[in-house]
Protein chains: 2
Amino acid sequence: MPVRLRDVAERAGVSIKTVSNVVHDHPYVRPELRARVQSAIDELGYRPNVSARRLVTGQTGTIAIAVPGIDVPYFSEICRALDQQLHTHDLRSAIDQTLNDRDAEQAVLDQREHGLVDGVIFHPVALTPEDLADRTAGFPLVLIGEGPSPAGIDHVMIDNIAAAEEATNSLLAGGRRRIAFLGHNRRVLSHTTGQRLTGYKQALKAAGLHLDRRLYLRVDDYRPESGRLAVHQAVERGIDFDAIFCRDDLLALGALHALSQLGRRVPEDVAVIGWDDLTIAEHLTPPLSSIAPDKEEIARRSIRLLLERINGYHGPGRHEIAPYRLMVRESSTG
Amino acid sequence: MPVRLRDVAERAGVSIKTVSNVVHDHPYVRPELRARVQSAIDELGYRPNVSARRLVTGQTGTIAIAVPGIDVPYFSEICRALDQQLHTHDLRSAIDQTLNDRDAEQAVLDQREHGLVDGVIFHPVALTPEDLADRTAGFPLVLIGEGPSPAGIDHVMIDNIAAAEEATNSLLAGGRRRIAFLGHNRRVLSHTTGQRLTGYKQALKAAGLHLDRRLYLRVDDYRPESGRLAVHQAVERGIDFDAIFCRDDLLALGALHALSQLGRRVPEDVAVIGWDDLTIAEHLTPPLSSIAPDKEEIARRSIRLLLERINGYHGPGRHEIAPYRLMVRESSTG
DNA sequence: CTGAAAGCGCTAACAC
DNA sequence: GTGTTAGCGCTTTCAG
């Protein structure tokens with residue numbers, strides 16, 4: 001049923017090779033022949049069979065992007081950037097959701113199947129450093145995010161500690177002294193949260209403030225609702241704060257919601273800073289200050305590193321730091 | 001370099017077929033042999049080659065999902081639902097961004113390459129009815145969204161007119177009389193906007209209100225910033241309104257932002273209703289009322305229709321209406 | 001129950 | 001410049 005190269009060749013009265021040359025825009029095909037072949041292609045509606053091509057070339061032209069959840073805005077935005085940039089390299093993306101599941105993350109390391117993609121850009125969250133170290137080496141892989149990064153593997157991230165310190169400092173500069181940290185994990189501290197918390201602590205320490213662990217507002221996950229509840233609970237317990245530094249914008253959204261419900265004005269009574277600078281951040285009420293990782297740059301660098309691996313680089317793991325900016329908006333001003 | 005079936009066969013001292021049987025969990029393989037083969041697989045680290053398998057079976061086990069933008073929250077949420085449900089069918093998804101580009105949408109209809117996916121679930125926005133009608137028939141395709149739906153093609157959507165009417169009615173029931181419609185297109189009216197506008201008009205007409213075209217707040221695109229600007233402009237022009245029915249939640253976000261900047265209270269001065277019921281909607285300030293399309297059901301139905309096509313159904317196009325709910329929250333209450 | 005062999009559609013040497 | 005042909009790794013009849 002499907003039209004093959006051979007069918008086109010017969011129709012045009014040429015050899016398979018000539019058709020292939022036309023399909024691949026090979027130069028040195030007599031214009032007359034080219035035209036004849038092209039019309040045979042059009043008439044027959046020929047479509048190259050990707051699987052056959054992949055089988056023989058061993059290349060798929062596809063890069064896997066593995067993230068915890070495609071509908072988590074930060075990852076949606078990262079995926080959009082990666083996908084778009086991959087297209088400029090004539091590559092396509094294949095997005096994988098790991099849903100915070102360790103087995104699913106193991107599966108992306110394992111590459112249980114061969115010939116599906118040429119490499120993978122991976123934001124792990126559930127894997128341990130050992131998991132990563134154990135991986136079957138060789139397959140082109142670049143890690144993004146704040147997870148563990150064993151020696152041999154390329155990694156792109158922003159400087160979370162510095163960014164958290166800067167955010168906290170801007171709160172301190174605004175005269176805030178009781179700064180809560182929203183997003184401490186109720187169970188094990190995640191890599192991401194840990195680094196942001198470290199920056200927060202460093203800033204407080206540098207300012208000569210003592211650390212009040214009651215200001216760690218804990219959550220089980222990073223849904224806005226969890227942020228909202230955590231802030232309510234803190235207030236119920238009589239914990240006093242004049243600012244909240246949030247682990248990410250989604251928790252910050254929940255915090256804003258809670259503060260509004262509690263009748264606390266933002267930023268007058270409580271200043272709020274988030275992280276990720278989601279597209280929606282500047283339109284929240286009030287517009288949300290946020291750490292803005294340079295997502296385009298994260299995408300650009302991880303693609304570059306991966307392509308080098310695919311093209312044969314076998315050296316040691318590279319560790320790249322992408323830029324970020326602190327976007328100061330109304331939620332933390334004044 | 002890569003380990004092939006043959007390598008495993010040699011190592012285990014059996015034929016290729018036997019290895020294949022083990023890989024596919026074929027019954028009737030002597031346990032002893034199975035064990036021997038399995039350990040050869042493990043020792044060698046055998047990974048089946050997907051391209052080869054696809055070439056011979058003609059199946060990819062992959063469904064394309066084509067949407068305008070993967071970082072537009074509504075589509076992220078749809079993609080998440082589709083991807084997750086496809087996994088329960090042992091299918092994987094391949095997400096395509098068309099970026100509102102007609103050529104890119106044409107390309108998904110065209111399927112310029114063969115053997116990449118077994119079918120596609122497609123939310124077009126830029127295609128004309130003729131484009132759709134002209135498509136090379138035969139390839140399994142299901143449309144979602146409010147775009148044109150020519151006779152032969154399966155389509156899943158919600159009843160936009162009824163939903164818009166219901167939303168508008170709830171505003172009317174709250175005593176609102178000057179209800180603006182935010183999201184009218186400055187140039188050509190999109191299918192989606194058109195249907196929602198129709199429902200809005202019908203509700204006003206049924207209530208005996210006359211239509212004031214000055215209440216159509218126009219935009220060039222659906223970014224929050226466009227919604228914010230449109231509301232500012234309306235106020236500057238002295239247009240008076242006590243409610244805004246928004247084409248979608250992102251525009252509604254911009255509207256809330258504008259109203260906050262203008263010092264108009266929501267819902268006291270102006271009630272607001274959005275559309276899509278994004279995850280963030282219930283956490284906005286104030287929580288946003290919204291039409292909630294049943295995304296899981298949209299995913300479920302479109303997958304079902306597509307699988308039927310893939311499994312040989314060649315009948316006429318089906319048109320399915322998925323349910324929706326009006327989520328009434330603070331932004332439109334009182 | 002296991003083995004041998006044909007061929008999926010394409011690419012790329014290698015001739016001509 | 002164009003044609004011939006040998007595989008890429010796997011599935012799948014069909015024998016045994």
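User: Which residue of chain B comes closest to the rotation axis?

Analyst: This is a predicted model. A rotation of 180° with 0.1 Å of shift along its axis places chain B on chain A, at an RMSD of 0.1 Å. That is the relation of a two-fold axis. At 2.5 Å from that axis, by C-alpha, the closest residue of chain B is B:Ser51.

User: Which element gives the largest share of the side of chain B that touches chain A?

Analyst: The contact joins 39 residues of chain B to 39 residues of chain A. Helix 4, helix 5 (73-88), strand 2 (92-97), helix 10 (224-236) and helix 11 (249-262) of chain B each give two or more residues to that side. By class, this side has 15 nonpolar, 15 polar and nine charged residues. The largest share, six residues, comes from helix 5 of chain B.

User: What percentage of the contact residues of chain B recur in chain A?

Analyst: Chain B superposes on chain A with an RMSD of 0.1 Å. The same surface serves both copies. The share of chain B contact residues that recur in chain A is 100%.

User: Which helix supplies the largest share of the surface near DNA strand C?

Analyst: Around DNA strand C there are 25 residues, with A:Leu5, A:Asn49, A:Ala52, B:Ser15 and B:Val56 the closest. Helix 2 (16-23) and helix 4 (50-57) of chain A, and helix 2 (16-23) and helix 4 (50-57) of chain B, each supply at least two residues. The largest share is five residues, from helix 4 of chain A.

User: How many charged residues does the surface near DNA strand C have?

Analyst: The nonpolar class has 15 residues there. The polar class has five. The number of charged residues is five.

Methods:
Residues numbered from 1 in each chain as written. Chains lettered and ligands numbered in written order. Predicted model: local features only at pLDDT ≥ 70, side-chain atom pairs only at ≥ 80, totals over all residues. Near = placed C-beta within 6 Å. Helix = DSSP H or I, 4+ residues; strand = E, 2+ residues; numbered from the N terminus. Nonpolar A, V, L, I, M, F, W, Y, C, P; charged D, E, K, R; others polar. Least-squares fit on C-alpha atoms with pLDDT ≥ 70 in both. Contact = placed C-beta atoms within 7 Å.
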